[in-house]
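Look at the model first, then read on.

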Amino acid sequence: MKQALVFAALILCLSLLGSSPAAAQYAEKKSYKALAITKAPEIDGILDDAAWQQNAWTGDFIQHEPFNGDPVSQKTEFNIVFDDDNLYVAFKAYDTSPDSIIRRLTRRDQIDGDMVGVAIDSYHDQRTAFMFSVSAGGVKFDQMLTENGENEDESWDPNWWVKVSINQEGWVAEMKIPFSQLRFGENANSVWGLEVLRQIFRKDELDFWQHISKDSPGFVHRFGEMPGVESIRPKKIFDITPYGVAKAERYEAGTGNPFADGKDANLTAGVDAKIGVTSNLTLDLSINPDFGQVEADPSEVNLSAYETFFQEKRPFFIEGANITTFGIGIGDGGVGNDNLFYSRRIGRRPSLYPDLASNEYAKIPQFTTILGASKLTGKTSNGLSLGFIESVTAKEMAEIDNDGNRKMETVEPLTNYFVGRVQKDFNQGNTIIGGMVTGTNRDLEENTKDDFHKSAYTGGLDFTKYWKEKAWSFNVNAAFSEVSGTARAIEATQTSSARYFQRPGNDYVNYDTTRTSLFGSGGRMQLARQKGHWTALAVMLWKTPGFELNDIGFLRQADQLFSLVWGQYRVWEPKSFYRNFSISGDYFSTWDFGGNHLGDGIESNFNIGFKNFWYVGGGTSLNLNGVSNTMLRGGPRMKVPGNANARIYVNTDERKKINFNAFASINRGFEGSSNNWNIEGGVTFKPINPLSLSVYPGYSFSFDELQYLTLRSFENKDRYLFGSIDFKTISASLRISLNITPDLTLQYWGQPFVATGKFRDFKYISAPMASSYEERFVTFSDDQKAFINDEIRIDENRDGVVDYDFGNQDFNVQEFLSNFVVRWEYSPGSSVYLVWNQTRSGFNSSGNLDVTNDLGDLFSEKPYNIFLVKFSYRIGL
């Protein structure tokens, strides 16, 4: 197949890059010996304890950024000691201008100022590290590094202690890190990997103790070493955190609705636990978890046939998410989200809605209750990584009232979710072999058996090989899927927007309305060069027509073969007017499993960092004329015009008290088929160290000549009805952060949002594969259409009789989402949350954008308010 030949050519092009001159040799690894002590230092940010006199202070840092390999501008020293239970780390961050040290207060993991930190590869697998950092303002920043530093998990929040202080010589930091928060086995005659870092914010300078070249493919494998840890014995973590939640809801009462009296209240309780099964494996448990403090998803209006991908925000699922991932996509968004595990499936909104009579009302749960969830993660001393998740969600019922008579109807069945991930390192992490399985099983009833899969299983194998000091890598992720259920349930899967088996001309798939299972496979194969100024990537993705992941994973579209080759040239040495820059480009091609060529495209991007700390970037893309299997949403294939896109962004110096950014893009479809542009901007103001204010408004306009409306029949022929649409959105994101101490923060987020769509020039598709764009559709004339009672009535043959009709789909969607959170971590792992959530929403069918009136309408109605108090207390044993 041509697709395979293209990919082979791409690999050949990449291989030729290997003949380029080798980069400079890496720096020799440093060594610092940790010392055992008998009396622990007091963690107060004052380095007057005897413990800090027992071991040697060391420094000799090297710049990592901006001048990689150059001497540092300020001296830094550190000291590491330990006792039976904890590792202690002290820093002396000397500064010739102590009054210039930036000490802004922020929330944890959002450091904005000078910083010091230590990263520890306690497995000494040269792929995994645990980082503990602190700002000069005392704000913690901790993360788990995996995949040789390519994945950074900032959601990892271990329990540790740190204090800082400013003095005439600069500033100091003092840390206590319990061994129970690290993962390692017995360490006889062993060493740990070690990196120590410092950030000097005003200079945008990052210094490392162990020098790591900017062209290094990876990070953790270049760490220095810390011997002296052979006497340390691993500690098993055992943290139990019970919590209680009090919640009150206030909203506008619904006339005649017995379920909407304007107020609700409830009390709930649960338990979170983190238990060390072994020194390397940790079991996380959550019984009746509550995520009321989590920020709401942003507003949107989705006019496509595809599901929107939302980022995970719940702490239980985002911590360690890199361990249970199995991606089969590439890039960000769209196909890049395809994965065997999408945690937002667990605890989602109920899928069904009862069919109500005019005199009926229903009370439906907003989310599916998670009865319990467990997660086992870790890595053994022989390089075996494990990640398992087990979760059970409740059967959710809608309570329906009919003039006082009540009945219950299932809207989401009792469901069990399972995820298992295993990977094994060989040859010092240069060879990695792994696998993953997922399972979804539901307890279905007579009224739900046709709406869900009874069971769904996926599995995959992955192989990764690095060579030439990790400059080159080859990876294959291959997966399969099988879903089972009633004939109607599987028919719905076959006809879903991910595959459209029923479309005319789709003769290379077996559309069978009697089948009770569906099998498919998919995967990704990629070859990458990651070292030096020139980097490159060649990728092949495949997803057979029957591939299905959406029970516990995420899949946008099956029946696809996609190849891409990407190259980048980057410069990190500051010269002339710039600090760094990069340029990149790619070419991609898409086919289906019937051998049909769907489209090609090219893209280019650039990014420049200037010496005044401003950044400018942008790019262009060109999608050539192609063919769509999904444009008619189950109809035949259709030729679609290509489009061209250009975009640019500008960011000012983020170190300043006030900074700006702006983004603009424009997209033009060929043949005048579409036109859209988008403008976004923002300003962040930090008047004092504890306070940050920001506002990010945006406006977009798009015109699309062919927006799908519905399917009708005329003279035994399908009529795929479309309209031209003017689609406008205006929104803003408002944030206020007040950080009274590093552990006591107040945050407000608000988002006003208005989206409108106005349809016109209604038409039907007449010849979807016609060579000429104008011949592919017929636009109804004025004497063929009439607007009556919010309906569009069509008299296609002009005989005075309505042949078919469809509803007016103009819309005006208005929302204002607000979230105010007070968070106090009064002890590591123990916290109090005070939360206020408010939702204002409105809708009309005008299709016109009038911001003043739209927002006025929102604030004229009573909002939906949620007030919540959550108290948790960590019991560490």
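A salt bridge here is a side-chain nitrogen of Lys or Arg within 4 Å of a carboxyl oxygen of Asp or Glu. This is a predicted model, in which local features need pLDDT of at least 70 and side-chain atom pairs count only at pLDDT 80 or more, while totals for chains, interfaces and linings use all residues. Residues are numbered from 1 along each chain as its sequence is written, and side-chain values use heavy atoms, with hydrogens and water left out.

Q: How many salt bridges does the structure hold?
A: The count uses the nitrogen-to-oxygen limit of within 4 Å. By that rule the structure holds 42.

Q: Which residue forms a salt bridge with aspartate 462?
A: Aspartate 462 lies in strand β24 (residues 455–467) and its partner in strand β22 (residues 414–426), so the pair ties together parts 41 residues apart in sequence. Strands (E, at least two residues) and helices (H or I, at least four) are DSSP runs, numbered from the N terminus. The closest N and O atoms are 2.9 Å apart, and the partner is arginine 421.

Q: Is aspartate 810 buried or exposed?
A: Aspartate 810 meets lysine 758 in a salt bridge (3.6 Å, N to O). The pair links distant parts of the chain, 52 residues apart, with lysine 758 in strand β39 (residues 744–765) and aspartate 810 in the loop between β43 (804–807) and β44 (811–827). Lysine 758 is partly exposed, with a relative accessible area of 32%. Aspartate 810, because its relative accessible area is 9%, counts as buried.

Q: How many residues of strand β6 are buried?
A: Ala129, Met131, Ser133 and Ser135 point one way from β6. Phe130, Phe132 and Val134 point the other way, and all are buried. For β6 (residues 129–135), the number is seven of its seven residues.

Q: Which residue in the turn between β6 and β7 has a positive phi?
A: Two strands pair if DSSP finds at least two bridges between them. Six bridges join β6 to strand β7 (residues 140–146), and the two run antiparallel. Valine 134 stands opposite lysine 140 in β7. The two strands form a hairpin with four residues between them, and the residue with a phi of about 90 degrees is glycine 138.

Terms used. Buried < 20%, exposed > 50% of the residue type's maximum accessible area, 1.4 Å probe, protein only.
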